[in-house]
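I opened this model to look up a few contacts and secondary-structure elements. My entries follow in the order in which I made them.

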Amino acid sequence: MSGWTLVTGASSGIGAALARIAAREGQRLILTARREEALERLAGAIRDAHGAEIAVVPADLGQPDGPDRLWSQATAGGREVDFLVNNAGLGRWGRFAEDGWEQEQASIMVNVAATTRLAKLAVAPMAAAGRGRILQIASVAGVLPGPGMAVYNATKAYVVSFSESLAEEMRGSGVSVTCVCPGITETEFQETAGMTHLKAIERAPKQSAGDVAEHAFRAAMAGRRFAVPGAANKALVLAARSAPRGVLARLIALSMR
């Protein structure tokens with residue numbers, strides 16, 4: 001590709017790992033997240049390792065105008081985004097009937113509204129150019145009911161459905177849309193979502209952010225529509241799609257106590 005790769009949520013975890021991989025493969029990067037200092041540190045490390053051309057654009061995708069402001073700055077100076085990585089995501093552990101609306105609202109804004117808006121901004125110029133890739137990082141939560149994480153799982157279910165639908169719409173256009181559903185990954189997510197006290201999370205097998213990013217990047221480069229990193233996660237997704245939904249929700253609720 002001759003354009004730029006825009007990675008959201010790039011300051012840590014899967015996003016940072018994807019940025020490193022893209023630079024390793026010779027891509028020019030636009031890195032965005034809320035934490036500017038973390039982005040600058042990452043950019044410096046990637047430049048030292050790969051000599052990549054990198055633009056750092058701090059942005060808060062939880063704000064209504066966040067995606068549009070980001071896109072305007074990302075494409076300033078004639079930069080053309082031909083690979084969009086929609087990786088930024090938020091979640092909150094807790095019963096829906098309890099306090100936590102601000103975190104849940106932020107999850108909806110980032111996971112749903114910003115993901116959709118950035119895809120909307122990217123897909124038209126990509127289609128006009130006849131080339132491009134959109135990589136959407138969802139979660140196995142997107143195919144599971146989520147008692148205790150009701151809003152988060154619902155937002156990821158949206159990402160799965162939206163991605164699969166958009167991929168079909170873009171058939172034959174030269175633009176691919178890939179949805180990747182990782183399982184529990186060694187990132188900051190469990191801490192920021194308030195899940196570190198859960199024994200089920202503590203005991204569960206985890207993948208490294210680097211391994212998930214490698215799988216996701218390869219899937220996007222191959223133009224695959226849907227990918228699940230890890231054999232255990234693949235089995236879980238297959239089981240979730242065939243099990244009775246009520247039984248599945250009850251089992252998940254019991255396991256997360």
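I began with E214 and R218, which are 4 residues apart in helix 8 and therefore separated by about one helical turn. An α-helix has 3.6 residues a turn, so residues three or four places apart point the same way. Helices here are DSSP runs of H or I with at least four residues, strands are runs of E with at least two, and both are numbered from the N terminus. The side chains of E214 and R218 form a salt bridge at 4.0 Å, N to O. The term requires a side-chain nitrogen of Lys or Arg within 4 Å of a carboxyl oxygen of Asp or Glu. E214 is partly exposed, at 23% relative accessible area; buried means under 20%, exposed over 50%, and partly exposed in between, with a 1.4 Å probe and protein chains only.

I noted the provenance next. The model is predicted: local features need pLDDT of at least 70, side-chain atom pairs count only at pLDDT 80 or more, and totals for chains, interfaces and linings use all residues. Residues are numbered from 1 along each chain as its sequence is written, and side-chain values use heavy atoms, with hydrogens and water left out.

I then followed the charges. R24, E25, E214 and R218 are linked in a network of salt bridges. Within it, E25 and R24 meet at 3.0 Å, N to O. E25 is partly exposed at 44%, and R24 is partly exposed at 41%. The search of the whole structure returned 12 salt bridges. Another of interest to me was R117 with D68, whose closest N and O atoms are 2.7 Å apart. That pair links distant parts of the chain, with R117 in helix 4 (residues 101-129) and D68 in helix 3 (residues 66-74), 49 residues apart.

Helix 1 is mostly covered, with 9 of its 12 residues buried. Just after helix 1, G26 has a positive phi of about 90 degrees.

Which way do the side chains of strand 6 point? V175, V177 and C179 point one way, S176, T178 and V180 the other, and all are buried. Strand 6 (residues 175-180) is thus largely enclosed by the rest of the structure, since 6 of its 6 residues are buried. Strand 5 (residues 132-137) runs parallel to strand 6 and is joined to it by 6 bridges; pairing needs at least two DSSP bridges. Strand 6 also pairs in the parallel sense with strand 9 (residues 226-227), over 2 bridges.

Last, I checked the rings. The whole structure has 3 aromatic pairs; ring centres of Phe, Tyr and Trp (its six-membered ring) must lie within 6.5 Å, with planes under 30 degrees apart stacked, over 60 edge-to-face and the rest tilted. F83 and F217 form a tilted pair, 6.2 Å centre to centre with 50 degrees between the planes. F83 is in strand 4 (residues 81-86) and F217 in helix 8 (residues 209-221), 134 residues apart. Both F83 and F217 are buried. Y152 and F189 are also tilted, at 4.9 Å and 40 degrees.
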